[in-house]
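Have the model open and follow along.

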Amino acid sequence: SSDSKKKGKTQYLTIAACPASSGNYAFFVGMGQAISKVYPEYNITVSESQGSVDISKRMRNGEALIGNGTSPNDYNDFYGEETFKGNPNEDLRLMLVYTINNYTLCVDKEEGIKELSDLNGKSICPGATGTDAALLTNKLFEMFHVKADLYESNQSDATDAYSDRRLDGVVKTGVLGDSYIMQLDAARPISIVSLSEDEVNQFVEGVPQVKPTVIPANTYDGIDYDVNTFAMYAGVRVSKELSQEDVYKMCKAVFEDGRKD
């Protein structure tokens with residue numbers, strides 16, 4: 001476009017992306033490349049984070065003006081709930097939504113775990129520390145009185161712990177066909193806990209930032225049944241320090257000019 005040929009003063013911007021182990025990380029790499037190519041006045045650095053809470057903290061202190069966003073954490077960040085209780089961030093804005101992340105409760109297939117009550121006494125990583133997965137798992141287990149032994153860690157350590165049988169299961173939120181879930185399955189064959197319709201409806205009523213969804217049968221090897229679960233929206237959040245013109249140009253690069261490549 002003609003706009004892409006205009007060069008203004010270089011603006012250095014950091015995008016606080018999701019962990020590199022996430023299937024969504026590639027979106028942010030592509031986003032940064034598209035923006036810098038179409039509008040060279042933006043010098044974009046894509047920086048891996050440890051999860052949604054980490055991104056919120058980095059955006060709050062000005063380390064990044066753009067970051068991965070998820071509906072539960074964005075709500076808590078803006079209104080000052082949960083981790084940010086009493087400390088709202090009203091400078092937060094939503095730039096775009098690019099996918100949904102499915103809540104996936106992976107367990108060792110040999111354990112015969114079929115429903116939430118089967119998790120009592122089991123060792124579970126609720127999700128990487130500082131992620132929506134961990135927050136949602138804690139809410140889910142509290143709501144349905146699940147007494148599991150929770151092991152919070154980063155995703156890499158959780159994989160190692162699952163591989164050497166220190167964990168019975170790991171929670172991951174992500175797109176369908178998530179590579180991390182496939183990695184777990186390669187270490188030890190998994191099954192995925194399917195919630196009842198009543199459990200999904202009750203949870204979504206209590207946590208309106210998520211929605212009911214189904215992971216179709218055969219999305220993952222050996223999972224020959226539909227999985228009833230819930231999902232969150234994943235998007236890009238920005239600080240209001242970015243001008244409307246900046247946000248418009250970045251969206252244009254991602255959705256229009258970026259597609260030409």
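Q: What is the volume of the second largest cavity?
A: This is a predicted model, where local features need pLDDT of at least 70, side-chain atom pairs count only at pLDDT 80 or more, and totals for chains, interfaces and linings use all residues. Residues are numbered from 1 along each chain as its sequence is written, and side-chain values use heavy atoms, with hydrogens and water left out. A cavity here is a set of points on a 1 Å grid over the protein atoms alone where a 1.4 Å probe fits but cannot get out. With volume taken as the space filled by probe spheres set on the points, the second largest cavity comes to about 30 Å³.

Q: Which element gives the most to the lining of the second largest cavity?
A: Lining residues have an atom within 4 Å of a point, and here they are Y103, T104, L105, L140, V193, L195 and T229. By class that makes five nonpolar, two polar and no charged residues. Strands are DSSP runs (E, at least two residues) and helices are too (H or I, at least four), numbered from the N terminus. With three residues, the top contributor is β4.

Q: Which element gives the most to the lining of the largest cavity?
A: The largest cavity has a volume of about 260 Å³. Of its 24 lining residues, P19, T131, Q155, K172 and T173 sit closest to the centre. Elements giving two or more residues are α2 (52-60), β3, α4 (132-143), α5 and β7. Five residues come from the one that gives the most, β7.

Q: How many charged residues are in the lining of the largest pocket?
A: A pocket is an open set of points with protein on both sides within 12 Å along at least five of seven lines, and the largest one holds about 210 Å³ of space. T70, S71, D74, Y75 and L94 are the closest to its centre, out of 14 lining residues. Two or more residues each come from β3 (66-70), α3 (71-79), β4 (92-108) and β10 (227-239). Sorted by class, the lining has seven nonpolar and four polar residues, and the charged ones number three.

Key: Nonpolar A, V, L, I, M, F, W, Y, C, P; charged D, E, K, R; others polar.
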